[in-house]
Amino acid sequence: EATKAAVGAASGQPMSIIIVGVGSADFSGMKVLDDDKGSLRAGGKAVERDIVQFVQHTNEEFPILAQKVLEEIPDQLLKYMESHHIMPNKKK
């Protein structure tokens, strides 16, 4: 619960949390934090946005692992910017 509370507190900040599980251990606790469905709750309330990306690394080549790790970051950044009404600068 303390980890969920920390993720909830951080979910309003301009950050992402990347967790890489190495091997074949039980990572169900980490998968709960990777809230792709918007169901993570901390202290009885929903977190502001999904900021956790969990990837289990077994034997993938590095480029595949890197792609999986970075997959959600662009959407997480856009959701933060939209929720804080931050618009990108126009191209000059």
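Predicted model: local features only at pLDDT ≥ 70, side-chain atom pairs only at ≥ 80, totals over all residues.
Colleague: Arg49 is buried, so which side chain of opposite charge is nearest, and how far away is it?

Modeller: A salt bridge needs the charged atoms within 4 Å. Arg49 has no salt bridge, although it is buried. The nearest side chain of opposite charge is Glu48, at 5.3 Å.

Colleague: OK, then which backbone oxygens does the side chain of Arg49 reach?

Modeller: Let's go through the partners. Leaving aside neighbours within four places in sequence, Arg49 is in contact with several residues, including Pro14, Met15 and Tyr80. Its side chain reaches one backbone oxygen at 2.4 Å, that of Gln13. At 3.0 Å, the side chain of Arg49 reaches another, that of Gln76.

Colleague: Moving on to helix H1 (residues 2–10), why are its buried residues on the same side?

Modeller: The buried ones are Val7, Gly8 and Ala10. They sit on the same side of H1 because the arc they cover around the axis is only 170°.

Colleague: And which exposed residues does the face turned away from the buried side carry?

Modeller: The buried residues of H1 pack against strand S1 (17–22), helix H2 (28–33), strand S2 (41–42) and strand S4 (52–57). The face turned away from that buried side carries the exposed residues Ala2 and Ala9.

Colleague: Last one: how far apart in space are Glu1 and Glu82?

Modeller: Glu1 is in the segment before H1. In sequence, Glu1 and Glu82 are 81 residues apart. In space, C-alpha to C-alpha, Glu1 and Glu82 are apart by 28 Å.

Terms used. Residues numbered from 1 in each chain as written. Heavy atoms only, no water. Buried < 20%, exposed > 50% of the residue type's maximum accessible area, 1.4 Å probe, protein only. Helix = DSSP H or I, 4+ residues; strand = E, 2+ residues; numbered from the N terminus. Arc of directions from axis to C-beta. Contact = heavy atoms within 4.5 Å. Lys, Arg positive; Asp, Glu negative; His and termini not counted. Polar contact = N/O pair within 3.5 Å; in protein donor to acceptor, adjacent residues only side chain to side chain.
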